[in-house]
Amino acid sequence: MTDARLAELADRLPNLRLLTDPADLEHYGRDWTRRWTPKPLAVVLPGDVAEVQVIVRWANAYGVALVPSGGRTGLSGGAVAANGELVLSLERMNRVLGFDAVDRTLSVQAGMTLHAVHEAAQSHGLIYPVDFAARGSCSIGGNIATNAGGIRVIRYGNTREWIAGLTVVAGNGELLQLNRGLIKNSSGYDLRHLLIGSEGTLGVVVEATLRLTDPPPPSQVMLLALPNMDALMEVFGLFRSRLNLQAFEFFTDVALKHVLAHGAQRAIEGEHPYYVVTEFDADEAAQDAALAAFEQGVDRGWISDGVIAQSEAQAAALWRLREGITESLAPHRPYKNDISLRISALPLFLHEIHQLLGREYPHFEVVWFGHIGDGNLHINVLRPEALSDEDFIAQCEHVTKLLAATLERHGGSISAEHGIGLVKRAYLRSTRSEAEIALMRGVRQVFDPKGLLNPGKLFG
Ligand code: MLT
Ligand code: ZN
């Protein structure tokens, strides 16, 4: 080992897994953004909490920056290590620590995948309800660090609602037990909630106690084709008033084109500009209500066509049309916006933004999809082949500035669920006031006095 600091770490922790192979540095140094060239100092994969504490104390002693790392499925560069940082991967800390049937909680290590958490909850007849397409690769620690949302927020809320307790290694190596699984705890600042969504800048989440709940009743999945953008919010209002929704997601014909080219099956014939996938509780009354809502939507000119899944396989095929979008776009390395608004602000905002994007991106392919029922839109822009990466990003950044200003006027957020990371730090001010940012920096200073945890992320 050529680096004396790493040699000293290896001395302190003789059993630590420490990787310096170039292929490993590349693998662990990047996330799904693929925009930065990975360049970490090394990668460590601790096996327990005590090792994490020693690593953080070592980093303090040598002034080495740390990048806490989960499944690296992030889309904002939050887990990128491109500046000689030490990647602290929680990958090996991926076990269930305990289940409490009375409290209905599952305690897990931070490196468990979301899918493994789902399976563990199901093995006890319960569910952990936060869910999204990256479930097989993302880690629960990463979900907590970004307060991840996904496709069931409309029913269950974001990750934040499901965290009963956290074990965290703070920036100075101190171990914190936050909230200890309590339902009620009116004893001052709830530091747990500061950690959730802090993108690895306040501490390393090493363990979490997750709340579980009963599985939902059997559900039905429906795909709807809509004739125009205005119909989106009308149909949402209609379905929400008649049905107990579990999901209400939208995508455009452009998104459909990509997902079909990637192997999904067309479910509705013809050309339609907008589609909705919705899932709702399906007792007998709901079946009638869904049909009545559908017919009313057709009568009012908001729905052009629709299909209701007749089997689990068909439900999965309809969901694939929505959930397969990110993967189908990934080869194009899209520029991603992930924005959120109050639902009441959406109709006006959608019109403004549609005009803005049409004007600013006349020659670019723009793909819209997302969690419209939560006020969360994903706007993905694809690079024309003739344009260099640099020019493409510069043009997209120009449009994002305009988008951020529009969001500010409408009281929205530049990041709904992907986090700020590296990608959106220049736009934090469109969503947070100077006073808020100053307080956030102050909090960071308290948790991580030397600023070694994920530096450059969130604030820049
Ligand atoms: C999604 O909703 O599919 C995810 O947030 C991923 C993405 O936006 O690409
Ligand atoms: Zn999303």
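Predicted model: local features only at pLDDT ≥ 70, side-chain atom pairs only at ≥ 80, totals over all residues.
Helix 1, which covers residues 4–12, and helix 3, which covers residues 49–62, have axes that come within 11 Å and cross at roughly 150°. The crossing of helix 1 with helix 3 is right-handed. On the side of helix 1, the contact is made by Arg5, Leu6, Glu8, Leu9 and Arg12, and on the side of helix 3 by Val54, Ile55, Arg57, Trp58, Ala61 and Tyr62. Of the residues in this contact, seven are nonpolar and four are charged, while no polar residue takes part.

Four strands form an open sheet in the order 1-2-4-3, and their pairing is mixed. Strand 1 (17–19) and strand 3 (66–69) are the edge strands, each pairing on one side only. From one strand to the next, the twist averages 25°. Within this sheet, strand 2 (residues 42–45) and strand 4 (residues 86–89) are paired in the parallel sense over three bridges. One position in that pairing can be named: Val43 has Val87 of strand 4 as its bridge partner. Helix 2 (residues 22–29) packs on the sheet and touches strand 1, strand 2, strand 3 and strand 4. The direction of helix 2 makes about 75° with that of strand 2.

The loop between helix 2 and strand 2 contains Arg34. This residue is not a glycine, yet Arg34 has a positive phi of about 55°. Arg34 is classed as partly exposed because its relative accessible area is 34%, between the limits of 20% and 50%.

A second open sheet consists of five strands in the order 5-6-9-7-8, with antiparallel pairing. Strand 5 (96–100) and strand 8 (175–178) stand at its edges; each has a single partner strand, so one side of each is left without a neighbour in the sheet. The twist here averages 15° from one strand to the next. Strand 6 (residues 105–109) is joined to strand 9 (residues 203–211) by five bridges in the antiparallel sense. Val108 stands opposite Ala208 of strand 9.

Asn179 is located in the loop between strand 8 and helix 7 (191–195). Its phi is near 75°, a positive value in a residue other than glycine. Is Asn179 buried or exposed? With a relative accessible area of 7%, Asn179 is buried. Ser139 lies in the loop between helix 4 (114–122) and helix 5 (140–146). At 5% relative accessibility, Ser139 also counts as buried. Leaving aside neighbours within four places in sequence, Ser139 is in contact with Gly70, Gly71, Ala110, Gly111, Met112 and Thr113.

Strand 11 runs antiparallel to strand 12 (residues 274–281), to which seven bridges join it. In this pairing, Thr252 has Tyr274 of strand 12 as its bridge partner. Strand 11 is also joined to strand 15 (residues 365–371) by two bridges, again in the antiparallel sense. There, Phe251 stands opposite Phe369 of strand 15.

Pro362 is found in the loop between helix 13 (346–360) and strand 15. With a relative accessible area of 51%, Pro362 is exposed, because the exposed class begins over 50%. Pro362 and Val423 are 61 residues apart along the chain, and their C-alpha atoms are separated by 23 Å.

Which residues are the protein donors of the zinc ion (ligand 2)? They are His371 through NE2, His378 through NE2 and Glu417 through OE, lying 1.9 to 2.1 Å from the ion. The spacing of these donor residues in sequence is H-x6-H-x38-E. His378 and Glu417 link distant parts of the chain, being 39 residues apart. His378 belongs to strand 16 (residues 376–382), whereas Glu417 belongs to the loop between helix 14 (389–410) and helix 15 (428–431). His378 is buried, with a relative accessible area of 4%. Glu417 counts as buried at 12% relative accessibility.

Key. Residues numbered from 1 in each chain as written. Chains lettered and ligands numbered in written order. Heavy atoms only, no water. Axes fitted to C-alpha atoms, helices over the stretch in contact; angles between N-to-C directions. Left-handed = near helix turned anticlockwise from the far one by under 90°. Contact = heavy atoms within 4.5 Å. Nonpolar A, V, L, I, M, F, W, Y, C, P; charged D, E, K, R; others polar. Donors = N, O, S within 2.8 Å, 3.2 Å for Na, K, Ca; no water. Buried < 20%, exposed > 50% of the residue type's maximum accessible area, 1.4 Å probe, protein only. Pairing = 2+ DSSP bridges.
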